[in-house]
Amino acid sequence: MKNAGRWITFSVLLLVVIIMLIPFYLVIINSFKSYQEIVRSVISLPTSLNFDNFVEAFYRMNYLTAFLNTLLVTVTGTGGIVFLASMAGYQIARNNTGKLAKIIFFLLIIPIMIPFQSFMLSLVRVSSALRIYETWWGLALIYWGCGVPMAVFLYRGFCMGIPRELDEAAAIDGCNAFQTFRRIIFPVLKPVNATVIIINALWLWNDFLLPRLIIGFNTSHFTLQLQAVQFRGMYKMEWQLIMAGFLLTLIPAVIIYLIFQRQIVKGMVTGAVKG
């Protein structure tokens with residue numbers, strides 16, 4: 001009976017995996033086809049491995065510039081989220097008994113419950129008034145505000161499990177509050193740092209809506225996702241280039257995830273247990 005249950009569980013999981021992989025299979029095989037082949041049959045295998053679609057998509061997307069813009073937004077946005085949220089989470093965890101700290105923590109995590117669509121138009125007006133509209137660094141700053149609430153929640157939960165004796169020992173050695181955090185606490189946050197970095201890096205890299213709103217029509221600051229949209233015309237969809245562009249955009253994110261997969265799983269489990 002026990003073995004039967006295992007086989008049923010395995011079969012269900014295998015079916016789920018297959019269903020999830022079908023879209024990727026279609027993207028891969030259609031990225032090697034011509035437009036005429038895709039129109040004739042979407043599910044059939046390509047007649048030959050033609051890499052012309054990738055070459056054309058690479059040049060038409062201005063891939064290197066778009067890749068650099070996406071990388072700058074991702075690194076700056078993720079780095080700012082880690083820097084701000086880690087300090088805020090640590091301080092709130094250390095002062096969790098005070099009413100003021102609880103109020104601040106509550107105000108910080110409220111944005112998690114607010115749908116982005118409810119304030120996105122106001123966000124565009126504010127960014128335009130602050131003159132950060134149509135810039136990649138303005139987009140990165142806005143990601144700080146959008147990503148910090150969830151990160152603070154994770155950091156606070158993790159810091160609650162760090163012994164206060166570490167702070168006291170650092171104070172005896174003459175460290176001030178910032179030195180204590182930088183030299184003692186921040187290295188201990190490695191598991192949750194990995195979680196926050198991976199979650200936010202994948203989000204920033206693959207996001208389309210916020211760059212579309214903030215970057216606007218400044219093509220010099222377009223990210224990979226914005227460049228890939230150009231293959232969707234009013235009268236014709238260049239499906240072969242859309243599929244190739246999608247793979248060119250996805251591959252760096254997949255590589256990063258595969259490299260840090262073990263760290264993110266470990267960090268999420270550790271943060272959940274200590275939170």
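This is a predicted model: local features need pLDDT of at least 70, side-chain atom pairs count only at pLDDT 80 or more; totals for chains, interfaces and linings use all residues.
Residues are numbered from 1 along each chain as its sequence is written, and side-chain values use heavy atoms, with hydrogens and water left out. Local features need pLDDT of at least 70 and side-chain atom pairs count only at pLDDT 80 or more, whereas totals for chains, interfaces and linings use all residues.

**Stop one: the helix pair**

Select helix H3 (residues 52–60) and helix H13 (residues 239–259); their axes come within 9 Å and cross at roughly 75°. H3 is therefore roughly perpendicular to H13 (angles of 65 to 115 degrees count as such). Next, display Asn53, Phe54, Glu56, Ala57, Phe58 and Arg60 in H3, which meet Gln240, Leu241, Ala244, Gly245, Leu247 and Leu248 in H13 (contact means heavy atoms within 4.5 Å). Seven residues of this contact are nonpolar, three polar and two charged.

**Stop two: the second largest pocket**

H13 gives the most, with four residues. Among the lining residues are Asn206, Phe208, Arg232, Phe246 and Leu250. The volume is about 280 Å³.

**Stop three: the largest pocket**

Move to Pro111, Ile112, Cys146, Gly147 and Trp203, which lie nearest the centre of the largest pocket among its 20 lining residues. This pocket has a volume of about 380 Å³. Finally, select helix H7 (136–159), helix H10 (190–206) and helix H11 (209–214), the elements that give two or more residues to the lining. The largest share, eight residues, comes from H7. By class, the lining has 16 nonpolar, three polar and one charged residues.

Key
Axes are lines fitted to C-alpha atoms, for helices over the stretch in contact, and angles run from 0 to 180 degrees between N-to-C directions. Angles under 35 degrees count as roughly parallel, over 145 as roughly antiparallel, 65 to 115 as roughly perpendicular and the rest as oblique. Ala, Val, Leu, Ile, Met, Phe, Trp, Tyr, Cys and Pro count as nonpolar, Asp, Glu, Lys and Arg as charged, and the others, Gly among them, as polar. On a 1 Å grid over the protein atoms alone, a cavity is a set of points where a 1.4 Å probe fits but cannot get out, and a pocket is an open set with protein on both sides within 12 Å along at least five of seven lines; lining residues have an atom within 4 Å of a point. Grid points are joined across faces, edges and corners, and a volume is the space filled by probe spheres set on the points.
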